[in-house]
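Trainee: Could you take me through one part of this model in detail? I would like to look at the place where the two chains meet.

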Amino acid sequence: MTILETSGLTKRYGRLTAVDHVSLSVEKGQVFGFLGPNGSGKTTTIGMLLGIITPSGGAFRMFGRDGGDELHAARRRIGATLETPNFYPYLSGRDNLRVAARIKGVAEDRIGEALDIVGLTGRQKDAFRKYSLGMKQRLALAATMLGDPELIILDEPANGLDPEGMREVREIILALAARGATIFLSSHLLNEVERTCTHVAILRSGKVVRQSAVRDLVAGATVASVASDDLAALRRIVAEYPAATGTEERGDRLFVHLADDDLASLNRFAHERGVTFSHLAVEKRTLEDVFIEATAKDAVGGAA
Amino acid sequence: MKIGSLIGIEYLKTVKRRAFWVALAFLAFLSTVAMGSELMGGRRGVSAPLVAPYSWAMAAGEMGPMPAFFLALTIVMLVTSEFSWRTARQNVIDGLSKEQFFTAKWLMATMVALAFTIVPFAVATGVTIYGRVTGATPTSTLAPSSAPSSAEQAATHAAFADSTRKALATVRTATDSQRVLVSRQADSTQAALRQALRDARAQRPRAVYPPPDPGAPLVSLGDLKVFAGFFLGSLGFAAMAFMLAMLLRSTGGAIGVFMLYFAFLEQMIGLLLRRFGSADLANKVVPYLPVNALRGPTNPNVWHEAHVERLNAVAASLGQARVTADADMMKLVGLPLAWIGVFVLVTFLVFRKRDL
């Protein structure tokens, strides 16, 4: 079931096109990462989905609904934050959640449970302004989970957190996903996304340049990292190797892009020509490699 | 979402805001000082300024535009913070429509306007009760109306001219050797002028105050009308502050523009009309401008007949002109309501169109 679907969603500010024909599709149960460099249009896109920014063009559907009042009703089934955690600084953590619960029409007795999940029960009576950044992010997560939303939209949930805070946030997100919620989160922290998300879309200058399952994105062509005492000979035989699609040299290593994943064949080929590897390893492609590749200047118009 | 729920949300946000209570307490304090200073036999020598059954009418005249300032400050603060903290945005994300957020905020502004009207009138009733219990009665030498009578003016002028002549003569007849004493003589001239003013004051006719009626209700029907009028005017200033806060979204900007318009710009418009149009045009237009229109219903004299009769009795004892009140309901009620409608509608249309 498609939970969220956008088609040609566009936002222009004068001559600047902040979001340019973004088409996304998020299925039930996915943890969907929305990646992009700063200023690529992630927050603007989410703002349109949440009804606080009016789109200049395109359309979107949530839970299969579109248009005015229907979308408004659909939004009550969503828990979301945009940019920093937005709360009343003079209200306590609990009172801030009371405001959110009243707006969402959720019974106030659910607040305790949400505070418990994010580990803020002990500090619930303290004013929000006294919270650390990590606690603020956790309170935001508590607010989004009130009323068991089917879709949770988080904008940079780990922004500015220390590794410990990031781990806590990651665990809460995975726990929410385990409870059956679909999660849509934006981030520029690739490592975090790779660890939490099942699917990603990469945004560059307002355009979606990649969209797929994380597994499929990081799979694909293999890169072999090789080294030898005779670097010149190594260069020569790699250039002759039929399955090599390209090479890069970094320090004393040669990174060979292979059309297949047969490292044994590469090793045999070199050995037969009198070159012995002092190092041979597979370099796994990370989301970072894909991201850098996709957001490089010449990548626009790639798989959209 | 029901109106009750919207009010509930705003109530929670407002009552826990310390700044709201500080502003209200400050208004209560200044109201007490304004009415109590006279109680202590202050600047006008009135020992019981507020007398039933017209104490609220007297209080409304005493307070003037002060509550409007506090009200505007408070509303600006309560509205703009929703933007600076981005909680307006979060409220919409959480499920309020922009229309509901707007409605909730305007209801809050109405409630705050009511609170800021109730407080000074409650203080007035307190002062009235104090006056009744202690048996203090008004013993002023000056009528509440500030314009001096013609007899009083003539007496002042005469005394003034006389002592000035004497003082100048002293200076003129001074010899060269006495020039060094000029500064001292200047002092004595000033002293002479001060004495002249004291003499003039002593010659003023005494106002005759009708004795207070100890059995009169603390709050009369006329007082309630005064309250309603004051609330209408306050609501208008609240709407003006609300509009500026919602459109400018900055505390400093909204307060600045409000104060500037309230204290200065509207008079400026009047002056410009007089200068580039005509006096006739200015007289026709100026009463319809917001500050004038909204101050109309805060004038107690248009609502409280018994209060006006009392003022006139005092004025007659001083030989002053009668107080008249133009009770044109279109101007007193229709015009402020029209301005409130304009402020709220403009705010709504712009707010709905703009991104949060």
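Mentor: Happy to; here is a walk across the interface between chain A and chain B. Keep in mind that this is a predicted model. In the contact region, 27 residues of chain A face 24 residues of chain B. Together the two chains bury about 2,600 Å², and 56% of that area lies on carbon and sulfur atoms. On the chain A side, Ile52(A), Tyr90(A) and Ile103(A) supply 26% of the area buried against chain B, more than any other three residues.

Five salt bridges are counted between chain A and chain B. In one of these, the side chain of Lys16(B) meets that of Asp95(A), with 2.8 Å from N to O. As for secondary structure, strand S1 (2–13) and helix H3 (93–104) of chain A each supply at least two residues of the side that touches chain B. H3(A) gives the most to that side, with seven residues. By residue type, the side of chain A that touches chain B divides into 14 nonpolar, six polar and seven charged residues.

Finally, look across at Asp94(B), which sits in helix H5 (residues 87–94) of chain B. Asp94(B) counts as buried because its relative accessible area is 5%, under the 20% cut-off. Leaving out residues up to four places away in sequence, Asp94(B) touches Ala80(A), Ala100(A), Ile103(A) and Lys104(A).

Technical notes
Residues are numbered from 1 along each chain as its sequence is written. Chains are lettered from A and ligands numbered from 1 in the order in which they are written. This is a predicted model: local features need pLDDT of at least 70, side-chain atom pairs count only at pLDDT 80 or more; totals for chains, interfaces and linings use all residues. Side-chain values use heavy atoms; hydrogens and water are left out. Contact means heavy atoms within 4.5 Å. Buried area is the accessible area (1.4 Å probe) that two parts lose on being put together, summed over both. A salt bridge is a side-chain nitrogen of Lys or Arg within 4 Å of a carboxyl oxygen of Asp or Glu. Helices (H or I, at least four residues) and strands (E, at least two) are DSSP runs, numbered from the N terminus. Ala, Val, Leu, Ile, Met, Phe, Trp, Tyr, Cys and Pro count as nonpolar, Asp, Glu, Lys and Arg as charged, and the others, Gly among them, as polar. Buried means under 20% relative accessible area, exposed over 50%, partly exposed in between (1.4 Å probe, protein chains only).
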